[in-house]
Amino acid sequence: MSNKLTTFNQDHATHLPKEYIDRLTQPLARFFQVEAAAGIVLLFFTMLALYLANSPLSESFVHFWDISVGVNIGTFEFERTLHHWINDAVMTMFFFLIALELKRELVLGELNDLKVAMLSISAAIGGMLVPALVYLFFQWGQPGQHGWGTVMATDTAFVIGCLALLGTRIPKSLRVFMLSLAIVDDLGAIVVVTLGYGNQIDWLAIALAVVGFSAVKAMALLGVRSITLFFMIGGGIWLAVDASGIHPTVTGVILGLMTPTTKWISDDRLHTIMDCVVAYPRGDHESGNKLDRKALRTAEAAAREALSPVERLEILLHPWVGFLVMPLFAFANAGIPITVTDFTTPLTIAVFLGFVLGKPVGVLLFSWLAVQLHMAILPKDLTWRIILGGGLLAGIGFTMAMFIANLAFGEEQINTAKLGILSASLISAVAGWTLLRVFSGADTPLENTVDHDFIQNTVTKK
């Protein structure tokens, strides 16, 4: 009887058939759906890059990223180094995903309540402004003054990983607060890149980019739903923006914010279509024009289109960004030679203090001001001590900080700036995690520290 029951559970009519390969692919799929796992992969490639940069292979490792890749046809030449392809083209996908997340939160998520949103937005503004002021205090009139934008960013993947490790010790409102803060922070960083680190503007290229964005809007109004076609147009827009003097990753932000949040198929229509699906009768069918086959194809399209384009693209892109784009960026940018004397250079200290001191002060101060001015509300389970711990975690700059550092600093300064970023991210992660653990006051066993509900909710949103 028990064997029959087991067989029934495995081969129930509402389940997909099981194959032997599922024993391998399903655990892997579950791993890749957990965003905290992306932080583990990111950390691995960061450590690998640091090891290679400080090993006998360091020279070969550095020169590898200088390999030029592109197209040469007659007098036409379009080439970039591998390093530039990653930072300028591949990272556009990262910013596209960030913009999708922000729009979903603003329209469909927690940020659609203005007073709830203002707490995260105010904290993000303080977390960008105060670190930049701390940095400028130490670097004003110095060669590194132009790098103020480096200390304004927060790394979403590592922050989420730290929160997941804290599990149910911390209130859920902190997770919403930190995730929203990180998204707004990253969007602010790309604005900084556009305004602070752009080149001379080519207005003809800007005009071509505007035509491309207009074409995307027109396609959406006409009801075009082909993701492939939109990506092809987006590639052309990227080329125009790249030629304009504005950093091309801005393309991802604008296209992400333009992505519709409305569903083509409503829930009621989806249920009606599913109710009309005719079960396959016994026997073979040579033709694909049978009514039952048409109903199945309609149901397939309806199920796909029951999600808004924002949600569909987030689900599609999140694994690629988390497990390919960001680790590849870290591998190409985190490899720096380290010596003890580098830790005492003024630039390293300025970057370090901008993150470790400026971030928590800015997040806490601006959050408090927003509440006192009645611009925002403080959730009942969120205390100022916990926000301070979250502010420390926001000092994990890493991915975005290195992205801006590559634009802000020359070859003679970049390694010391990156050392400040890495050391500040490490200290911020340890200090923030410890502070939140102490302030939460829970004695949850270590094996129960990972909050699987938070991870699953985050994946579902993405």
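Predicted model: local features only at pLDDT ≥ 70, side-chain atom pairs only at ≥ 80, totals over all residues.
What covers the buried residues of α9?

Numbering runs from 1 along each chain as its sequence is written, and side-chain values use heavy atoms, without hydrogens or water.

The protein has 19 helices and 2 strands. Those are DSSP runs, numbered from the N terminus: helices are H or I, at least four residues, and strands are E, at least two. Of the 462 residues, 47% are buried. Buried means under 20% relative accessible area, exposed over 50%, partly exposed in between, with a 1.4 Å probe and protein chains only.

Now helix α9, residues 203-222. Its 20 residues should span 28 Å at 1.5 Å a residue, and the end C-alpha atoms are 28 Å apart, which agrees. The expected span is 1.5 Å times one less than the number of residues.

Buried in α9 are Ala205, Ile206, Ala209, Gly212, Phe213, Val216 and Met219. Down the axis, they fall within an arc of 140°, so they line one face. That arc uses directions from the helix axis to the C-beta atoms. On the other side, Trp203, Leu204, Val211, Leu221 and Leu222 are exposed.

Back to the cover. It includes α10 (227-244) and α11 (250-258). Contact here means heavy atoms within 4.5 Å.

Last, the ends. Just after α9, Gly223 takes a positive phi of about 95°.
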